[in-house]
Amino acid sequence: MPIRLEKRREPSRSMLYATPAIAVGLTMLTGAVIFTAIGYNGFAAVWEIFVSPLIDPNRWQDLGVKAAPLIIIAVGLSFGFRANVWNIGAEGQYIMGALAGTGVALATWEMSGPWILPLMCVAGMLGGMAWAAVPALLRTRLGVNEILTTLMLTYVAVQVLYYLMNGPWKDPMGFNFPQTRLFNESQLLPTVIPQTLVHLGVPLAGVIAVAAWFVMTRTVFGFQIRTVGRAPAAARHAGFDANRTVWASLMIGGGLAGLAGVFEAAGPFGQMVPQFPVGYGFTAIIVAFLGRLHPLGIVLAGIVLAVTYIGGETAQTRLGLPDAAAGLFQAMTLFFLLATDVLVRYRIRFGADAKGAAA
Amino acid sequence: MTMTAPPRIELDGVTKAFPGVLANDRVSFAVKPGEIHALLGENGAGKSTLVKMIYGIMQPDAGAIRWNGAPVTVATPKAARGMGVGMVFQHFSLFEAMTVLENIALGMDENLGRRALEARIRAVMAEYGLTLDPHRVVTTLSVGERQRIEIVRALLLKPKLLVMDEPTSVLTPQEVALLFRTLRQLAAGGCSILYISHKLHEIKELCDHATILRGGRVVGACTPARESSKSMAELMIGGSLKQIAKVEGRTFGAPKFTVQGLSLPKIGDFGTALSGISFSVRQGEILGIAGVAGNGQNELLLALSGEIPTSDPNAVRIGNASLAAVAIGARRRAGLSAVPEERNGHGAVPDFSLTDNAILTARDRMGLATAGILSTGRARDYAAAVIKGFAVKATGPEALAESLSGGNLQKYIMGREIMQTPEVLVVSQPTWGVDAGAAAAIHQALVDLAARGSAIVVISQDLDELLALSDGLAVINQGRLSPVMRVGEVAIDEIGLLMGGVHGDPKATAKLAHDPHIKDVYDTPSIGAAHAH
Amino acid sequence: MTSVILVSMIMSIVGVSTPILLAALGELVAEKSGVLNLGVEGMMLIGAVSGFAVTYLTGSPWLGVIAAGACATLSALMFGYLTLSLTSNQVATGLALTIFGISLSSLVGESFVGLTVPSFGAVFPAGLSENPTLRLIFGHSPVVYFSLVMTWAVWHFLTNTRGGLILRAVGENDYSAHSIGYSVIAVRYAAVAFGGAMAGIAGSYYSMVLTPMWAEQLTAGRGWIALALVVFSVWRPVRLFFGAYLFGLVMTLELQSKAAGFNFAPPEFMAALPYLATVVVLALISMKKRRAMAAPACLGRPFKPAT
């Protein structure tokens, strides 16, 4: 039975919101089949990865802590992706932001006061922005594609991290381990719910998403971002400067990635270590798409991806699933989302098409 | 049809539907061998869809196509070429970064060697008196030369039927004359020609028979030579033509919009440089700018609207205020609005709602945003007012721009600018691809805006439109603008010659006007270029 | 003595350059047809792990390299289905393919960590392939010769054949190509599949020839460098060849200087060098005007004709 696509007159709103759910559903189904095929209990694997973290209240704090950096980075990226600025190097900006914050922490390690943490946050945002400024400069001045430059700089950022951990920033009292000294009380993110891991960054992620939603939908700047991405010539006609938009979206993406970096260093880590980068910057790309580049959708998507992280860990311990399993599920989610995206603009028709019927 | 001479091609009840539109509804007509047959219809009448089915790009939903009397299914363009159908598209299907030779090779189904192909190209060009350098890259060619590539490509296949889709929309009157000569030569040799156009005088001059389409249906057939232009036009448009209500003997106010020595370097490989453009438009006046496509019209619009900044600070002024150093947003606030030629993606964002498309250009003058925050309610109200004021067929302010027909979107865009009552309005191709009803409404709106005291510049390739609309007329060629002439005092031939690029040199004009061998113009498209340097 | 060092240096340049050249050649063809596939890194990893696995299981490196090409082609066709048939965004889909390749390869590769596989063996007789000097010409892996042949083949295909003309036409103006009757989608599927096969073979070169063993993400971002190389080459196969070897030369000099004990910079700086250099080279290339002309006009644009 032939399948054919028929263009809708207007994109379907319901499909716009339904497809992320469909994509997650298809991922679970396919995942179960794949893991059964390679000799695991496929159903149990899917259950552990997608469901068990949600129904276990003890894991909710972990979910919040994992989701926060993903949401913050993805919200930043969504500005760029909407404006057709493909910053895929958020991981590097996240590392550089964390390093900048760490730099402040190390410089103030004998001091205390409520000003230190905000200063670290500002430094982190500036660090992420500085790392994103290079691709912004190259794109606006020379027309260098930002996809490759942002990614290349991520590899460089990892080496900067290694260099600082192995040399200048190594904890002098740390038995020669390549890591910094522990942050002091004024440098750590406070927890907001006592007796849990939930730090200040978690509610702030929500605040950032709501603020981004306001900017995106209610301000001329957000309108500019949306216009430049969809119709560059119309944006020019409307008086929006393309280069300024590139700069703005890279600065927002870099700044928020850097802020997420500081939150992570001053929160769960409490110091800086070479194992700091775990790919949040890349997963955030999936989060941004799964959330339909909509700040509030990103909050939901961030929680879904956090579930797969937590679930991946439990599946590893309980079922012996390899740790790459979570990554595979994440990639599949993005694949299925992109595949089902077609449903927003096209209707699927089964059966012979009109030409065949007429013949 | 007699047994002895079946028609070369016959369409019988051909029907094609797209979601929401019936593009062709039971269309039937036949073209005899050696006949030049016109397919006449307004934009949107379904001509292009029909042609695509004849050439195998699309398949009919119902109906039959017969070739020399035998039913055929034209599955692909290759099959069409195999039958002997040659095609010259309205929008050339050329590959700009490639050479003429490569372009022609792509249109051939047999794989000749490069040398053999070049030899055959030269032979065909000699036969029909065409000239073209096979090794030139397409980007370096004029529009007329580009069309010649398509014609040569079609002729190489020794077609039995040549389909020409709006071939003259980009040619000067002189180039048109030469094209017609080639077509007559072909027809005399037995090749049928299906000539698609909405230009009545051309059809009267060239075609043996005409089939008239309206709204996807055949509404009439005639012998153009025996028919008056008016009667064909009424068949085509479906009702009598609405005249533009224009007050005779109008007087104009003070010069409102002055452009003095506007120059712009060439942008990119496809651009045209503007050089020393000067004109002045008074309050209440409409200035028309004619010209063949690609002679700097787009650049002129962008330079006037402010999308491209110009270096000379005094080149563009409203009243006495200089605007040249000012970007598009500030120009708009100062009262200068512009409507670009391309609706989708330039004048409007296709997947934005009409409300958002109102914000696009009306946010400052209509107060749709304050201190950087959008006033969505006011934007919706303004969009609704435009929809109402310009009778735009849309489901409402939340309808997406892309869901509107071309004519309705153009009405919306024009309305969006006009309802801001700009002191100066610059529009490019205001009725391109728009149905007759919408075109009439747009023309009337422009005239009314002028009557309220705005200065208006209309850039168009449609000479008829400009003659009906404007008070003054200038011609743009190779990025230079002719002096402004008064409409009514200027002869069409003269405008035609200016469009061909011989302005500023009275001797050249006189010579060409009296030269019986207009072929020279066709063979030396560099006249304009030589003049420009 | 110096000649021995020189020979080993050149051998090492060839080793570093070959996989990048192969992957970039494949991507060049895909981009010439108008498709931007950012999944090169992912496809290389899929090739690397499948090549290694099949060689380990069958004992035949030839079957391994075929499997590498085939598996990566499959993944490329998946990308093709999304971007060409379902008109999804090429950038996002390419990224998804890379993420997919990284996690799939580490999942599959987990059971192969620490194992070794048989090598190809020499193409030419020992007298040539093991001769201290002649091995410069005769002592390479078959994949190296394959990459050289492919450079010529891609160049010849694109400049001298009708197929190449059609492929370029599709990348230059898809709607025109469609209107004169070429199947844009079919041409692009073929180009994407070729890109996948080449990336897969390139990836297998790491796990089967260069290292030779499996390690997670052993391509270490070389797929991205291959992508950058295509831009550097302004979509010309011969320039691509020189670009790949220039990159190999720089990398080898770095390795050699480290081995020789020149510690003029921290090792982390040297490790970051290829990526930094790529950014610098991209910037330098872009300074030349008219570069935009060389990029296929339809690169990255979805194609969906009315039927």
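Figure 1. Strand E9 (residues 209–214) of chain B pairs with strand E10 (residues 217–222) of chain B in the antiparallel sense, over 5 bridges. Strands (E, at least two residues) and helices (H or I, at least four) are DSSP runs numbered from the N terminus, and two strands pair if DSSP finds at least two bridges between them. B:Ile212 stands opposite B:Gly220 of E10(B). The hairpin has 2 residues between the strands, and B:Gly215 takes a positive phi near 55° in it. The model is predicted: local features need pLDDT of at least 70 and side-chain atom pairs count only at pLDDT 80 or more, whereas totals for chains, interfaces and linings use all residues. Residues are numbered from 1 along each chain as its sequence is written, with chains lettered from A and ligands numbered from 1 in the order in which they are written.

Figure 2. In chain B, 4 strands in the order E12-E11-E14-E15 form an open sheet with antiparallel pairing. Strand E12 (274–282) and strand E15 (321–322) of chain B are the edge strands, each pairing on one side only. Strands E11 (residues 255–264) and E14 (residues 316–318) of chain B are joined by 3 bridges in the antiparallel sense; B:Thr258 has B:Arg317 in E14(B) as its bridge partner. Helix H9 (residues 297–305) of chain B lies across E11, E12 and E14 of chain B and runs at about 60° to E12(B). Angles run from 0 to 180 degrees between N-to-C directions, and axes are lines fitted to C-alpha atoms, for helices over the stretch in contact.

**Figure 3. Packing of helices H3 and H4 in chain C.** Helix H3 (residues 61–85) and helix H4 (residues 90–109) of chain C pack at an angle of about 155°, with axes 10 Å apart. H3(C) is therefore roughly antiparallel to H4(C), a term applied to angles over 145 degrees. The crossing of H3(C) and H4(C) is right-handed, that is, the near helix is turned clockwise from the far one by less than a right angle. C:Ser75, C:Phe79, C:Leu82 and C:Thr83 of H3(C) meet C:Gln90, C:Thr93, C:Gly94, C:Leu97 and C:Gly101 of H4(C). These contact residues comprise 3 nonpolar, 6 polar and no charged. Ala, Val, Leu, Ile, Met, Phe, Trp, Tyr, Cys and Pro count as nonpolar, Asp, Glu, Lys and Arg as charged, and the others, Gly among them, as polar.

**Figure 4. Contact of chain C with chain A.** Here 35 residues of chain C are in contact with 34 residues of chain A, contact requiring C-beta atoms, placed from the backbone, within 7 Å. On the side of chain C that touches chain A, H4, helix H11 (222–232) and helix H13 (267–287) of chain C each supply at least two residues. H4(C) gives the largest share, 12 residues. This side of chain C has 24 nonpolar, 9 polar and 2 charged residues.

**Figure 5. Helix H11 of chain A.** All 11 of the 11 residues of helix H11 (residues 280–290) of chain A are buried, so the helix is largely enclosed by the rest of the structure. A residue is buried if 20 or more other C-beta atoms lie within 10 Å of its own. Among the buried residues of H11(A) are A:Tyr280, A:Phe282 and A:Phe289. A:Arg292, which follows H11(A), has a positive phi near 60°.

Note on methods. Angles under 35 degrees count as roughly parallel, over 145 as roughly antiparallel, 65 to 115 as roughly perpendicular and the rest as oblique. Two residues are in contact if their C-beta atoms, placed from the backbone, lie within 7 Å. A residue is buried if 20 or more other C-beta atoms lie within 10 Å of its own, exposed if 12 or fewer, and partly exposed in between; C-beta atoms are placed from the backbone.
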